[in-house]
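Have the sequence and the 3D view open as you read.

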Amino acid sequence: MQEIFNRIFRDNKSIYTLSENNKRVYGEKIIRKKNSYLREWDPRRSKLAAAILKGFKHANFDKKLNILYLGASTGTTVSHLSDICISGRLYAVELSYDSFVKLYSLSQARNNIFPILEDANLVERYKFFVEKCDFIYQDIAQRNQVQIFNQNADIFKPRSAILIIKIKAISSKEPEKKILKETISSIRKYNIKEIIDLRPYDIGNYLVYMER
Ligand SMILES: C[S@@+](CC[C@H](N)C(=O)[O-])C[C@H]1O[C@@H](n2cnc3c(N)ncnc32)[C@H](O)[C@@H]1O
């Protein structure tokens with residue numbers, strides 16, 4: 001087992017995050033490592049894990065990073081970022097009440113997750129909860145996904161960000177690469193540093209990493 005990025009480990013075929021917590025979040029395998037645990041990170045359940053297995057280079061997240069996570073769902077990826085950024089704060093915004101219930105229960109078992117039941121289009125309604133934001137991670141399959149990102153980035157001004165682009169949510173008629181190019185061109189104020197096609201783990205989704 002080798003540490004490939006801060007608090008992210010890899011063996012022959014799988015990746016893991018180093019965790020202080022031995023509670024399973026989504027049925028993942030957990031291995032004891034001295035006084036901590038290694039939680040297997042499933043690339044079919046988390047697009048960030050898929051990107052890392054596909055060679056994503058910008059995955060060295062500082063353990064003190066404060067993250068605004070838009071589209072947190074039940075907290076699968078949130079839980080791994082909570083392992084990695086153990087001394088930072090993770091503000092997790094989710095619109096669906098059913099998903100939020102699980103996200104809330106995850107936040108009760110960890111002290112760095114702050115769940116927010118809100119619409120990411122309505123930044124004014126939750127901006128007061130977010131004390132500091134160094135990084136935005138957005139995974140929202142909506143037609144206006146870039147507009148949501150631009151609005152949040154304008155308010156919180158993170159140094160860097162990851163935007164998951166779901167092509168089918170934008171259009172199913174045009175070629176994928178054309179939609180990707182047009183979508184990226186509407187991102188304001190950030191320079192694109194890396195784009196990962198998430199196949200074969202996730203079809204039609206791209207991870208875009210950018211810096212201000
Ligand atoms: C693909 S899932 C996210 C999966 C999650 N990022 C993970 O890796 O564990 C997208 C989530 O975005 C949420 N969502 C959709 N529109 C939203 C909005 N306007 N504001 C906040 N969340 C939204 C959905 O309810 C859904 O849970």
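**Around the ligand**

A polar side-chain atom of Y69 sits 2.6 Å from a nitrogen atom of the ligand, where a polar contact is a pair of N or O atoms within 3.5 Å. This is a predicted model, so local features need pLDDT of at least 70, side-chain atom pairs count only at pLDDT 80 or more, and totals for chains, interfaces and linings use all residues. Residues are numbered from 1 along each chain as its sequence is written, and side-chain values use heavy atoms, with hydrogens and water left out.

- An N or O atom in the side chain of T77 is 2.5 Å from an oxygen atom of the ligand.
- L95 uses a backbone N or O atom, 3.4 Å from a nitrogen atom of the ligand.

**The shell**
- The ligand is surrounded by 17 residues, counted when a heavy atom lies within 4 Å of it.
- Among the closest are Y69, E94 and A120.

**What the record says**
- UniProt lists a "binding site" at positions including T76, T77, D119 and A141; such annotations may be inferred rather than shown by experiment.

- D119 is in the loop between β8 (113-117) and β9 (135-138), with strands being DSSP runs of E, at least two residues long.
- The side chain of D119 reaches the backbone nitrogen of N121 at 2.8 Å.
- Leaving aside neighbours within four places in sequence, D119 is in contact (heavy atoms within 4.5 Å) with L95 and Y126.

Notes: A polar contact is a pair of N or O atoms within 3.5 Å; within protein, one must be able to donate a hydrogen and the other to accept it, and residues adjacent in sequence count only if both atoms are side-chain atoms. Helices (H or I, at least four residues) and strands (E, at least two) are DSSP runs, numbered from the N terminus.
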